[in-house]
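Please have the sequence and the model open while reading.

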Amino acid sequence: MSIQQAMEQFLNQSKLKQRVRALEITDVWEELMGKTIAKYTDEIKLVNQQLIISTSVAPLKQELLFQKEKIRNRINELFNEHAVKEVIIK
């Protein structure tokens, strides 16, 4: 077993996988959604395959609500797995 396989197996069995995935999503958020949306996004969390996006800007909340499916699909395509089942906007 290679080191990479061992690390993947460890992450899959631990609760760290979602935290690592949330950090990866945060890293590519600007690329996925654009500079303006990324600038006004306060927090991104991944809990039980639910992506929780927080912002204090009301028009942005509305825009993100309309794009929930698009966000979910883009992230799942990017990571080539079903990392996100639901997107929640707060």
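## Basis

Buried means under 20% relative accessible area, exposed means over 50%, and partly exposed lies in between (1.4 Å probe, protein chains only). The model is predicted: local features need pLDDT of at least 70, side-chain atom pairs count only at pLDDT 80 or more, and totals for chains, interfaces and linings use all residues. Residues are numbered from 1 along each chain as its sequence is written, and side-chain values use heavy atoms, with hydrogens and water left out.

## Salt bridges

The structure holds three salt bridges, each defined as a side-chain nitrogen of Lys or Arg within 4 Å of a carboxyl oxygen of Asp or Glu. Arg21, Glu24 and Glu81 are linked in a network of them. Arginine 21 counts as buried, at 12% relative accessibility. Its closest N and O atoms to glutamate 81 are 2.7 Å apart. Because glutamate 81 lies in the loop between helix 5 and strand 3 and arginine 21 in helix 2, this pair ties together parts that are 60 residues apart in sequence. (Helices, H or I with at least four residues, and strands, E with at least two, are DSSP runs numbered from the N terminus.) With glutamate 24, arginine 21 has its closest N and O atoms 2.5 Å apart; these two residues are three apart in helix 2, so about one helical turn separates them. Glutamate 24 is partly exposed at 30%, and glutamate 81 is partly exposed at 27%.

In helix 5, arginine 72 forms a salt bridge with glutamate 69, again three residues away, with the closest N and O atoms 2.7 Å apart. Arginine 72 is buried at 19%, while glutamate 69 is partly exposed at 48%.

Leaving aside neighbours within four places in sequence, tryptophan 29 is in contact (heavy atoms within 4.5 Å) with residues including Ile37, Ile53, Ile71 and Ile75.

## Threonine 55

Threonine 55 lies in the loop between strand 2 (50–54) and helix 4 (58–66) and is buried, with a relative accessible area of 4%. Its side chain reaches the backbone oxygen of tyrosine 40 at 2.6 Å and the backbone nitrogen of valine 57 at 3.3 Å.

Key
A polar contact is a pair of N or O atoms within 3.5 Å; within protein, one must be able to donate a hydrogen and the other to accept it, and residues adjacent in sequence count only if both atoms are side-chain atoms.
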